[in-house]
Amino acid sequence: MDFITLGVQLLNAVQYGAVLFLVASGLTLVFGILGVINLAHGAFYMLGAYLAYWITLMTGSFVVALLGGVLVAFVVGILLETVFVRLLYGRDHLAQVLLSFGLILVIDEIRQVLFGKDVHAVAPPAWLSGSIQLTDNLSYPVYRLAICVFCLMAALAIFFVIARTKIGMIVRAGSENREMARVLGIKFDRVNRYVFAAGIALAALGGILIAPISTVFPGMGDGMLILSFVVVVLGGIGSVGGAAVGALLIGLTDTFGKVFFPSVSSILIYVLMAVVLLWRPSGILGRQDA
Amino acid sequence: MSMPNLRVRLFGIACLAIAIALPFYVSTYYTQFFAKALIMGMLAMSLNLVVGHGGLVSLCHAAFFGLAGYVLALLSPRYDAASLLTTLPVAILCSGTAALLIGALVLRTRGVYFIMVTLAFGEMLFFFFHDTKFAGGSDGISINIRPEIAVAGRQLLDLDKTMTFYFVVLGFLVGVIALLTMVVRSPFGRALAAARDNERRARSLGFPIFRLRLTAFTLSGALAGLAGYLAAAQFGFVAPQMLGWHQSATILVMVLIGGLRSVTGPLVGALVLIGMEEVLKAHLDNWKLVEGLIIIGIVILLPNGVRQIWSMVFGASPQRAAEIKPAAAEARHA
């Protein structure tokens, strides 16, 4: 394997890891702040992809689909938090797991009614649809590069918001010591709602971005949910930095696993998870006091 | 948990009598339907050993269920019946071993990690059967001929007869209920519950928590294997979906509906859920939407399962409901 092919695979790994990071950071944020484990996270990823397909079909513009899809997901997130999720605060994990499982069934059926169950493809925007010629018979699609750049920017934005803004400070305080933050006068009702909506929006954003390079199909949320869980377990729950590390590790393991060990590639990420569990049960960047 | 009083015991005997009389009064279709429901009830009861008595929310239970089904499918000769007496122990052993190995890894984690890690390992087994060709890949495999119970070439029970199969399932079910009741009331079961209610205190009292939980997890996986074997034998078909996490979550719903603190509660939950699905499927196209909403409603309104309605009707002591509280506090702590 020559240098350029290796580089292409590395780019693929980073691009895959970057999308994973967006989705998983939403999951980890929601758990870190709300203390709620949301199994329906993958369903919103799937919904994002279907929204991307539908809005692109209606308006002919992928950019509109990107903005519109994220907005729709955010609004849905706010509604869901207000109606259902707020009832879960302080309830045990079993209730959270089963309520979000119920949500998955509902979302799946709504998708069925609105968009059907067909497999779709989405075209990337025209100005990103070309590819860069690397060698005579090797080229790299511009859209994949654009995803890398976009996700990197999004990741930087997430880190900036969490580390440098007042909202981020509240979010960090909330995950560190909720009672104390409440005593200091922070109203978590609103914070919860927006964090949940943002988490959902991140999942949908991942689905929208992935739509042009993969197919849009009903079961796509399940696979993503499992992967996000593995990412969160690897990195340490509640830690956005951990999600970044975990996502990159999965991206690298999966991509190079498919290149070097194609027969066992689907098992490799679970082996990785098992190793990390033996080594650091609370994740690479997680608190080890559990 | 107190010794069952006379009323509960009479109620159990009445239920068993109804279960025995049932196939003589309903059509073959419903005998099959109830056999399926009882198998799912067995599965839910086995999960409850981990969830209700161990306080661990596992999302990979269907993996052990499906694994045993695949063992039967792979061991069945194409044109001949497999012997139940040899293949059933192998299937249970495989599921138990898988549970032991996965349990040894996942029990290193707590709370929400445990949920995510069990989900991931369950999906690992799902993808194993989904992606590899030897077990039919995503299409699954069919078991052409039901296994037979035969000794030295003489058939003892004809499992092809719907009613015989039903009674075999019922027999296993009674056995599982007896076994689980014994386990829950044994010193082992009490230590397991102690670890659920207050892990730190149980640990400081010297209970080997990890080993207790691993034993419960393994036993629960092995019993899921029994259910999976019976299910595969009944349907004559196994597919990766049998191991999928939607199946695991559905079993958890059964456990929640039935209530977490009793051995037979999940059986009631399974009957309620499967009965409900049957009715919804018959009347609605988008029945999953309604099922999802009902599940959400149950989670919100009946956190202790239908027992809440139950106790209103039968007037169980309020102390029972109070027992549920510590688990919620413990889970929150993690």
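I began with Arg213(B), which forms a salt bridge (a side-chain nitrogen of Lys or Arg within 4 Å of a carboxyl oxygen of Asp or Glu) with Glu199(B), the closest N and O atoms being 3.6 Å apart. Arg213(B) lies in helix 9 (residues 209-235) of chain B and Glu199(B) in helix 8 of chain B, so the pair ties together parts that are 14 residues apart in sequence. I took helices as DSSP runs (H or I, at least four residues), numbered from the N terminus.

I noted that this is a predicted model, in which local features need pLDDT of at least 70 and side-chain atom pairs count only at pLDDT 80 or more, while totals for chains, interfaces and linings use all residues. Residues are numbered from 1 along each chain as its sequence is written, chains are lettered from A in the order in which they are written, and side-chain values use heavy atoms, with hydrogens and water left out.

I then looked up accessibility, where buried means under 20% relative accessible area, exposed over 50% and partly exposed in between (1.4 Å probe, protein chains only). Arg213(B) is buried at 6%, and Glu199(B) is also buried, at 12%.

I next followed Glu199(B) to Arg110(B): these two form a salt bridge with the closest N and O atoms 2.9 Å apart. This pair links distant parts of the chain, 89 residues apart, with Arg110(B) in the loop between helix 4 and helix 5 of chain B and Glu199(B) in helix 8 (residues 199-204). Arg110(B) is partly exposed, with a relative accessible area of 28%. I recorded a network of salt bridges that links Arg110(B), Glu199(B), Arg203(B) and Arg213(B). Over all chains, I found 7 salt bridges in the structure.

I turned to chain A, where Lys258(A) forms a salt bridge with Asp254(A), the closest N and O atoms being 3.0 Å apart. Both residues lie in helix 10 of chain A, 4 residues apart, about one turn of the helix. Lys258(A) is exposed at 52%, whereas Asp254(A) is buried at 12%.

Last, I examined helix 11 of chain A (residues 265-279), whose 15 residues reach 22 Å from first C-alpha to last, close to the 21 Å expected at 1.5 Å a residue; the expected span is 1.5 Å times one less than the number of residues. Among its buried residues I listed Ile269(A), Tyr270(A), Met273(A) and Leu277(A). The buried residues of helix 11 pack against helix 9 (220-235) and helix 10 (240-260) of chain A, together with helix 4 (84-106) and helix 5 (111-131) of chain B; contact means heavy atoms within 4.5 Å.

Methods: Helix = DSSP H or I, 4+ residues; strand = E, 2+ residues; numbered from the N terminus.
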